[in-house]
Amino acid sequence: MPTTHRSYSLTTTTELSFDDAVTRVRQELVQEGFGVLSEIDVQATLKAKLGVDGEPYLILGACNPALAHAALEAEPELGVLLPCNVVIYAQQGQTHIAAVDAEQMLSIVDNDQLGPTAAEVSRRLAAVVERAGHG
């Protein structure tokens, strides 16, 4: 399926299993220069804290050090919006991959210097979503 662009995310649905999609996303993040700084297993957290049984849902906090540095140099408080989240989740038998649209997210910050960096982050994350979902 094609990657779709929502007002805040870049999303695709894939034929891959959840576990295979997680592996592919991790590989593609590395290819685009991102490391995973944080990982939240939403399914396990909801089960442990609320007793809720849910489908697999993983949030990866991704960071490209060079791009993060450039953004923080332009806007020191930008750290409140970092890292960039990439999610893999299962819903009704389908696996979905989504990443934050950095251009949309950073449009709330009134700093024109962030434009090129935000565009580059969005381009790279769109490539991750596209390749991971169709690889």
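Is Leu-10 buried or exposed? Here are my notes, starting with that residue.

1. **Ground rules.** This is a predicted model, where local features need pLDDT of at least 70, side-chain atom pairs count only at pLDDT 80 or more, and totals for chains, interfaces and linings use all residues. Residues are numbered from 1 along each chain as its sequence is written, and side-chain values use heavy atoms, with hydrogens and water left out.

2. **Leu-10.** Leu-10 counts as buried because its relative accessibility is 8%. The cut-offs, with a 1.4 Å probe and protein chains only, are under 20% relative accessible area for buried, over 50% for exposed, and partly exposed in between. You'll find Leu-10 in strand β2. Helices (H or I, at least four residues) and strands (E, at least two) are DSSP runs, numbered from the N terminus. Leu-10 and Ala-127 sit 117 residues apart in sequence, with 9.6 Å from C-alpha to C-alpha in space.

3. **The ends of helix α2.** Look at Asp-41, which caps the N-terminal end of α2 (residues 42-50): one of its side-chain oxygens is 3.2 Å from the backbone nitrogen of Gln-43. After α2 comes Gly-51, with a positive phi near 70°.

4. **A nonpolar patch.** Leu-46, Leu-50 and Val-52 make a nonpolar surface patch of about 260 Å². Patches are made of residues with over 30% relative accessible area and no salt bridge; like charges are joined within 9 Å, and nonpolar side chains (Val, Leu, Ile, Met, Phe, Trp, Tyr) within 5 Å. Accessible areas come from the Shrake-Rupley method with a 1.4 Å probe, and for residues only the protein chains shown count as cover. Leu-46 belongs to helix α2 and counts as partly exposed because its relative accessibility is 35%.

5. **Asp-101.** This residue lies in the loop between β6 and α4 (102-106). Asp-101 is buried, with a relative accessible area of 4%.

6. **The largest pocket.** Its volume is about 220 Å³. Of its 13 lining residues, Tyr-8, Ser-9, Tyr-57, Val-87 and Ala-98 lie nearest the centre. Strands β2 (9-14), β4 (57-63), β5 (84-91) and β6 (94-100) each supply at least two lining residues, and β5 gives the most, with four. On a 1 Å grid over the protein atoms alone, a pocket is an open set of points with protein on both sides within 12 Å along at least five of seven lines, a cavity is a set where a 1.4 Å probe fits but cannot get out, and lining residues have an atom within 4 Å of a point. Grid points are joined across faces, edges and corners, and a volume is the space filled by probe spheres set on the points.

7. **The cavity.** How many cavities of 30 Å³ or more does a search of the whole structure find? The search finds one. The largest cavity holds about 120 Å³ of space. Of the 16 residues lining the largest cavity, Leu-67, Ala-68, Leu-82, Cys-84 and Val-121 are the closest to its centre. At least two lining residues come from each of β4, α3 (65-74), α4 and α5 (115-134).

8. **Salt bridges.** There are seven in the structure. A salt bridge is a side-chain nitrogen of Lys or Arg within 4 Å of a carboxyl oxygen of Asp or Glu. Arg-24 pairs with Glu-28, with 2.8 Å between the closest N and O atoms. Both lie in helix α1 (residues 18-31), four residues apart, about one turn of the helix. Glu-28 is buried, at 8% relative accessible area.

9. **Two more pairs.** Arg-26 and Glu-39 meet in a salt bridge (2.6 Å, N to O). This pair links distant parts of the chain, from Arg-26 in helix α1 to Glu-39 in strand β3 (residues 35-41), 13 residues apart. In helix α5, Arg-123 and Glu-120 are three residues apart, about one turn, and their salt bridge has its closest N and O atoms 2.8 Å apart.

How values were computed: A polar contact is a pair of N or O atoms within 3.5 Å; within protein, one must be able to donate a hydrogen and the other to accept it, and residues adjacent in sequence count only if both atoms are side-chain atoms.
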